[in-house]
Amino acid sequence: MSTHCADIKFLFEPRSVAVVGASHDASKIGHKVLQNILSNGYGGKVFPVNPKGGEILGLRVFPTVNDIPDEVDVAVIAVPAKAVFETVKQCAAHRVKFAPIISSGFSEVGNLDEERKIVAYAREHGMRVLGPNIFGLYSVTPSLNATFGPADIPKGNVAIVTQSGALGIAMIGKAAAEKMGLSAIVSVGNKSDIDETEILEYLVSHPQTRAILMYIEGVKNGERLVKRLQHASREKPVVVIKAGRSRRGAIAAASHTGSLAGAAEVFDAIMRQCGVLGTESIQEAFNWCKFLASAVLPLGEQTVIITNGGGIGVIATDACEKYAVTLYDDLQDLDRAFAHVTPEFGSTKNPIDLTGQATVDHYDGALEAARRHASIHAALALYCETALFDVASFAPMIERSYHAFQADSKPILFSALGGERIERLTEELRQRGIPIFGDVTDAVSCLGALYQYYRYRTKPDVVIEAVALEESSLAKTFEKARQEGRPFLLAHEAQQLLRCAGVPMPQSAVARTLDEAVRYANEFGYPVVLKVVSRDILHKSDVGGVALDLDNEQEVIDAYGAILHNCRTVMPNALIDGIEVAQQVPAGTQLIIGARRDPSFGPIVMVGLGGIYVEVMKDVSFRALPISRQDALDMLKDLRSYPLLLGVRGEETRDIDTVVDVMVRVGALLLACQDIADIEVNPLIVYEHGQGGIAVDARVLLAQGGQGR
Ligand code: ACO
């Protein structure tokens, strides 16, 4: 029986909650969960379940879920692993909608079968599972703290989704210490059923959530997650702490949650593509989320730094470059705007240096000038403690200024460095929700995160062009390989496939006789190349199966004989299908373009400059498919070797449009053909701008069990 499952909203906003395994013993997890639910002011109905019956924390205890005389939206399960399946069956019989399973002892320790059995049963009966191996969930809307973490969760606007339970519990404590209020915190654990993607769906439409923090170790259904993140990041900032990046880290993550971490480069590139704000630091993630949850969106990118110290201004300027914060640099305009508020010896160049003799009034005047200036969209106000300064009047000025900037949709961040008085001031202002930092770099990093989010939100919608493919010819290409049981296409078949997708290839044909070879060569024009075609010979050059630079008929005749002789000598048993005759293309800049189905993220596309750039420098960039022309161009710009395409030392720019075109076409080909597991154009030779390019060779591996289009 397969039943329709409930809306994910009921997991976060249940009308009733049962705690199965609610213990009489106050030290046990089941007791703690019940206690947290009761002490947090949850307004719905609460039902403890324990075979011993009786009363816990003043509530009547039901021996089983089935004894509850009411509907149950969520049943939190905290019984030992071996009793979970039976409990899930009872919950399903009672039409429970969601079962967060706290219990450990499943796929994370190799007990995958039991986990699968539980989820399959639950799904068949219309029930969804969160976990297992989780600490529970907190949701501000009904004030539900169904966790065995801290009792007091600070209410606010940041939602946390975490794959690690212990880290999640620690983050609740840290959120309280940092005065970062939470709108939800969910532990996804083994992600046997509900994963981050569905949770994001709820959080994106959850009005109280203004920023989302995710801790991810491994991604199982990356394709769905990518689509969801692309949408989510346009609505709310999504900060991701990705762990399991180093080799050792990946091994630790695998044994931790039973899922493999995706390759770091692919993950990073795809997260950027989704507009996600990625960091490896928990502190940075907290700083960003706290700031972003209350930040206003700027109206433009021009920022000013206002400071009383040259040194701190320089550090901030460096940080602005690192975090891609644009500094307003119209010097004349800056002088007009700030000269009247800057003391003598100061500077109106950005940073605006108010000098060590600056007073609160100087800051007030300069901040007001920045706020009123239409071409200035954000400000960083930095302060180094001096004896001249009246700290007591500084706090109210900062607070007033902050609210005035917010009201004008201008982000402003403060940084104050000094002794105890300054630390007290900073602490007091932070408590009041003002973005003030001891370290100026933290302030700039937050503004950089806001601008990254702003750019993604304001970026035009991605336009994915339809690529025309010659569909009937495509199907035929795979048929032959399938009939012959080959998991790959022969070179000429791969070329044919790319031609169907409109990728420029040299003219070529497979000759079965010498006469044919000569005829093709004359038809294509010289020079030509000859290559052996054989399913048994993968590395053609190694066996003398390739001849280049053939300039006339006689050279073709000689090369044809030599290739057959070489192959028969080195690999006497190889089945030779023929000799490919192809136009020899002139030299140019070589690129590699590939597309494959990634185990974590589904279809992805890759590009790199050929030769050492790919092999030694590993200078490649990735995106999830489909990609727009702009995405393809961004991928090229991500390459460290991109300047080579632009032309160095007076060279002409390469034909970047052709590269972009081939990337889009190769990606479209992989998406259109389920048969293809992996496709690589290597090399694509590109010429100067306007001269195009040509794909010289291609390799296509077929998907296991794929069939037709
Ligand atoms: N239905 C209802 N209640 C039941 C059932 C059942 N089928 N079976 C047992 N119970 C009751 C027990 O009687 C007991 O109550 P009692 O103390 O009143 O007798 C209660 O459920 C708990 O059962 P215990 O056998 O005492 O189990 P215990 O509480 O020690 O542990 C738990 C259960 C917490 C689920 C444990 O097995 C477990 O998995 N712990 C790990 C949890 C975890 O770490 N999850 C990941 C979190 S994230 C992180 O890493 C921090």
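On a 1 Å grid over the protein atoms alone, a cavity is a set of points where a 1.4 Å probe fits but cannot get out, whereas a pocket is an open set with protein on both sides within 12 Å along at least five of seven lines, and lining residues have an atom within 4 Å of a point. Grid points are joined across faces, edges and corners, and a volume is the space filled by probe spheres set on the points. The model is predicted, and local features therefore need pLDDT of at least 70 and side-chain atom pairs count only at pLDDT 80 or more, while totals for chains, interfaces and linings use all residues. Residues are numbered from 1 along each chain as its sequence is written, and side-chain values use heavy atoms, with hydrogens and water left out.

The pLDDT, which is the predictor's confidence in each residue on a scale from 0 to 100, has a mean of 91 over the protein chain, and 96% of the residues reach 70 or more. Over residues 249–262 the pLDDT is below 50, although this stretch has 32 contacts in the model beyond near neighbours in sequence, a contact being heavy atoms within 4.5 Å.

A search of the whole structure for cavities of 30 Å³ or more finds one, and the largest cavity holds about 40 Å³ of space. Its lining is made up of Tyr363, Ala381, Leu382, Tyr383, Phe394, Ile398, Phe414, Ser415, Ala416 and Ile436. At least two lining residues come from each of β17 (378–384), α14 (391–407) and β18 (412–417), where helices (H or I, at least four residues) and strands (E, at least two) are DSSP runs numbered from the N terminus. Nine residues of this lining are nonpolar, one is polar and none is charged, with Ala, Val, Leu, Ile, Met, Phe, Trp, Tyr, Cys and Pro counted as nonpolar, Asp, Glu, Lys and Arg as charged, and the others, Gly among them, as polar.

Turning to the pockets, the largest has a volume of about 990 Å³ and is lined by 38 residues, of which Lys531, Leu538, Lys540, Asn682 and Asp697 lie nearest its centre. Two or more residues of this lining are given by each of α18 (491–500), β21 (528–533), β22 (546–550), β23 (578–583), β27 (676–686) and β29 (698–702). By class, the lining of the largest pocket comprises 22 nonpolar, nine polar and seven charged residues.

Several of these elements belong to an open sheet of four strands in the order β20-β23-β21-β22, with antiparallel pairing, two strands being paired if DSSP finds at least two bridges between them. Its edge strands, each pairing on one side only, are β20 (508–511) and β22, and the twist from one strand to the next averages 20°. The antiparallel pairing of β20 with β23 extends over four bridges, and Ala509 has Val581 in β23 as its bridge partner. Helix α18 packs on the sheet, touching β20, β21 and β23, and its direction makes about 150° with that of β20; axes here are lines fitted to C-alpha atoms, for helices over the stretch in contact, and angles run from 0 to 180 degrees between N-to-C directions. Helix α19 (residues 514–524) lies across β20, β21 and β23 and runs at about 165° to β20.

The second largest pocket contains about 780 Å³ of space, and among its 29 lining residues Met271, Arg272, Gln273, Val276 and Gln452 are the closest to its centre. The elements β13, α9 (264–273), β14, α10, α16 (440–458) and α22 (629–638) each supply at least two residues of this lining, which by class has nine nonpolar, six polar and 14 charged residues.

An open sheet of seven strands runs in the order β9-β8-β11-β10-β12-β13-β14, with mixed pairing, and its edge strands are β9 (144–147) and β14 (277–279). Strands β10 (residues 155–162) and β12 (residues 211–216) pair in the parallel sense over five bridges, with Ala211 in β12 as the bridge partner of Val158. Helix α10 (residues 282–294) packs on this sheet, touching β10, β12, β13 (238–242) and β14, and its direction makes about 160° with that of β12.

Most residues other than glycine have a negative phi, and most peptide bonds are trans. A cis peptide bond, with omega about 0°, joins Gly131 and Pro132, and Pro132 is found in the loop between β7 (128–130) and β8 (136–139). Another cis peptide bond joins Asn350 and Pro351, with omega about 5°. Lys179 has a positive phi, near 60°, and lies in the loop between α5 (165–177) and β11 (182–187).
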